[in-house]
Amino acid sequence: MKSRAAQLRDLLTGNGLNFLMEAHNGLSAKIVEEAGFPGIWASGLTMSAALGVRDNNEASWTQVLETLEFMSDATSIPILVDGDTGYGDFNSVRRLVKKLEQRGVAGLCIEDKLFPKTNSFINGEAQPLAEIAEFCGKIKAAKDTQQDPNFCLVARVEALIAGWGLAEAMRRAEAYRAAGADAILMHSKKKDAGEIFEFARTWDGRAPLIIVPTMYYSTPTQQFRAHKISVVIWANHLLRAAISAMQQTAAKVYKEESLTNVEDHIVPVKEIFRLQKSEELIAAEEKYLQPSFTKQPNAVILAASRGSELGELTQARPKAMLPIGGKPILARLVEDLRSHGIRDIAVVAGYKPETITIDGITLLHNPDFEHSKDLATLACALPKVKDNTLILYGDLLLRRYIVRDLIESDAPITIVVDSNVRQKITDKVKGDYVVCNVPDERSVFSPDARLVKCLNSAAGESFRQAHGQWIGALLVRGPGLGLLKESLTRLQSRSDFPNFSVTDLLDDLVTFEHPPRVMYISGDWLDVNNLPDVERASTFTQGLTYQRQL
Ligand code: SPV
Ligand code: MG
């Protein structure tokens with residue numbers, strides 16, 4: 001791949017006519033490249049205008065340099081920068097060339113006016129021109145400074161703009177060529193290309209000739225070719241196009257106080273992301289970010305049930321929205337999840353869904369919540385169950401380490417089991433009691449505990465054999481998604497599906513080669529099922545010692 005400076009040199013010296021299109025920042029530079037142009041004109045007029053200042057060196061040269069750096073980074077085609085007069089004397093030019101090369105700018109155009117300059121189309125005749133010798137000194141200084149032999153120095157002649165005539169223009173162009181300029185830019189503000197063509201004929205290809213037909217734009221391009229012009233610069237048209245679009249859009253939105261009539265006429269937001277190469281960053285995050293930052297699971301919270309044991313307290317809201325210490329249980333849970341970087345949180349509502357007013361969550365609905373149990377509620381969130389998904393009951397209060405540790409698990413399915421209740425379990429109080437392959441040994445090196453079964457009192461199973469209680473939290477990872485879907489499909493095909501709880505799903509999952517992994521905890525959580533639970537929950541959320549009752 002040729003360097004950008006070499007590409008610019010080819011554009012100047014190659015046969016035929018080439019085109020540079022104006023850009024004024026990273027975004028417009030990228031648009032120029034995508035349109036297919038082989039090079040960019042970093043226009044002084046449009047860079048300054050885009051910064052909101054005049055084309056009178058009001059932007060400092062380092063501010064211009066900064067703009068160029070963004071343009072250079074956003075593109076791979078050569079940039080010819082409009083360096084005005086070089087921002088000072090020969091020494092300023094030397095430093096400018098050094099800095100431009102460092103930023104990958106392929107060439108510099110300087111004009112034979114005096115600093116601070118003004119735009120050629122503003123009272124051009126009144127503008128003093130530089131002494132030829134002094135300007136030649138700048139050209140030589142630039143050529144002696146450049147490190148890359150292909151870096152191009154373009155000398156711009158303002159004699160026609162200033163009304164000094166063709167002979168003066170010729171004299172200057174020849175002096176600048178002799179001083180080492182790689183190309184001559186002959187500028188004109190006439191409405192026709194007559195004086196430019198006259199110059200081109202006399203010049204006769206002594207050095208590449210660049211023109212800027214902003215004023216004589218109606219000249220057929222074929223005539224530029226016929227006069228052996230090397231490069232045409234379309235000098236300000238992207239900014240002008242942007243200004244029309246911005247003015248129209250701003251006026252319309254202001255007048256209509258609405259976006260409705262504008263939206264279909266502007267690019268979608270995702271076009272901005274495409275131009276910014278957002279995809280590339282997402283891929284890079286996968287590659288470079290610490291797993292714990294990128295691989296945060298999404299969460300599905302089951303919050304459909306009213307919790308009728310709570311009586312009046314849940315008349316107006318589902319129990320997940322019951323305030324504990326002034327804040328709903330669900331809001332606390334969402335806050336906890338967010339503290340672990342979990343952002344994608346879906347809540348499946350059922351009873352009084354309109355009361356679930358928590359910002360930033362996705363609200364789903366189990367319309368049949370009155371006639372089904374929580375597995376049906378989970379099924380309503382199936383599209384949200386992915387290969388790294390945390391599934392939680394909506395009435396859970398947990399110490400934060402529980403989620404922290406759970407989402408570190410790499411097993412296909414992991415469930416959290418509280419072993420602390422083990423001694424207290426009786427057959428009288430219902431709960432999601434489970435039998436595991438090993439009890440909680442509470443050692444640092446916990447064995448690979450697996451779920452054996454969920455106990456079902458209706459089937460006559462005694463809770464006394466339980467190793468603990470499933471708290472209503474599980475993590476699905478990688479192949480766990482396939483297993484979960486397979487189990488769920490199996491259960492969904494049964495007519496008694498509405499009666500199933502998530503524990504029925506867990507029970508089905510034990511039939512696979514690798515039953516769910518058990519992460520034992522010892523207390524530090526609560527679910528809220530009755531009035532005494534509400535009291536305890538308040539104590540719990542204040543960080544006080546509480547007594548979990550069965
Ligand atoms: C620019 O684009 O800033 C130029 C060309 O210098 S002109 O505005 O025509 O002078
Ligand atoms: Mg300019």
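Begin by selecting Asp 418 and Trp 525, whose side chains make a polar contact at 2.8 Å. The structure on display is a predicted model.

Colouring by secondary structure places Asp 418 in strand E16, which spans residues 413-418. Asp 418 counts as buried, because its relative accessibility is 0%, and the cut-off for buried is under 20%. Next, select Gln 7, which is 411 residues from Asp 418 in sequence and 69 Å from it in space, C-alpha to C-alpha.

The second stop is ligand 1, which sits in the largest cavity. Display the residues that surround ligand 1: Trp 41, Ser 43, Gly 44, Leu 45, Asp 82, Asn 119, Ser 120, Phe 121, Arg 156, His 187 and Ala 235. Which polar side-chain atom lies 2.6 Å from an oxygen atom of ligand 1? It belongs to Arg 156. Select Ser 43 next; an N or O atom in its side chain is 2.7 Å from an oxygen atom of ligand 1. For His 187, the distance from a polar side-chain atom to an oxygen atom of the ligand is 2.8 Å. Taken alone, ligand 1 exposes 280 Å², and the protein buries 100% of that area.

Finally, move to Ser 230, in the loop that runs between helix H9 (221-226) and strand E8 (231-234). Is Ser 230 buried or exposed? Ser 230 is buried, because its relative accessible area is 9%. Leaving aside residues up to four places away in sequence, Ser 230 touches Leu 11, Leu 12, Gly 16, Leu 17, Asn 18, Pro 208 and Leu 209.

Terms used
Residues are numbered from 1 along each chain as its sequence is written. Chains are lettered from A and ligands numbered from 1 in the order in which they are written. This is a predicted model: local features need pLDDT of at least 70, side-chain atom pairs count only at pLDDT 80 or more; totals for chains, interfaces and linings use all residues. Side-chain values use heavy atoms; hydrogens and water are left out. Helices (H or I, at least four residues) and strands (E, at least two) are DSSP runs, numbered from the N terminus. Buried means under 20% relative accessible area, exposed over 50%, partly exposed in between (1.4 Å probe, protein chains only). Contact means heavy atoms within 4.5 Å. A residue is near a molecule or strand if one of its heavy atoms lies within 4 Å of it. A polar contact is a pair of N or O atoms within 3.5 Å; within protein, one must be able to donate a hydrogen and the other to accept it, and residues adjacent in sequence count only if both atoms are side-chain atoms. Accessible areas come from the Shrake-Rupley method with a 1.4 Å probe; for residues, only the protein chains shown count as cover. On a 1 Å grid over the protein atoms alone, a cavity is a set of points where a 1.4 Å probe fits but cannot get out, and a pocket is an open set with protein on both sides within 12 Å along at least five of seven lines; lining residues have an atom within 4 Å of a point. A molecule sits in a cavity or pocket if more than half of its atoms lie within 2 Å of its grid points.
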